[in-house]
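Morning, everyone. Here is the chain for today. Take a look, then I'll go through it.

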Amino acid sequence: MKKRMCIFLSLLLLILAAGGCGKEEKNEEPLVVAMELAYPPFEGKDDAGELQGSA
């Protein structure tokens, strides 16, 4: 009984792992990032007035 259960779980794991290996779709939309400049030191402006933030 243990051998059957081990084989069944191994096959289930193999099927689930293979299911995650699908074709990756490209997203053509640009990534939009927002900044809240009121919370230093994470984001702010430098002496020249350029936006500055932590990555």
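Terms first: helices (H or I, at least four residues) and strands (E, at least two) are DSSP runs, numbered from the N terminus. On that basis, the elements run α-β-β from the N terminus. That is 1 helix and 2 strands.

This is a predicted model: local features need pLDDT of at least 70, side-chain atom pairs count only at 80 or more, and totals for chains, interfaces and linings use all residues. Residues are numbered from 1 along each chain as its sequence is written, and side-chain values use heavy atoms, leaving out hydrogens and water.

Confidence next. pLDDT is the predictor's confidence in each residue, from 0 to 100. The chain averages 80, and 84% of the residues score at least 70. Helix α1 is highest, at a mean of 92, and strand β2, residues 51–53, is lowest, at 70.

Now α1. The helix has 18 residues and reaches 26 Å from first C-alpha to last, close to the expected 26 Å. The expected span is 1.5 Å times one less than the number of residues.

How many residues of α1 are buried? The count is 0. Buried means under 20% relative accessible area, with a 1.4 Å probe and protein chains only. Across the 55 residues of the chain, 2% count as buried.

Key. Buried means under 20% relative accessible area, exposed over 50%, partly exposed in between (1.4 Å probe, protein chains only).
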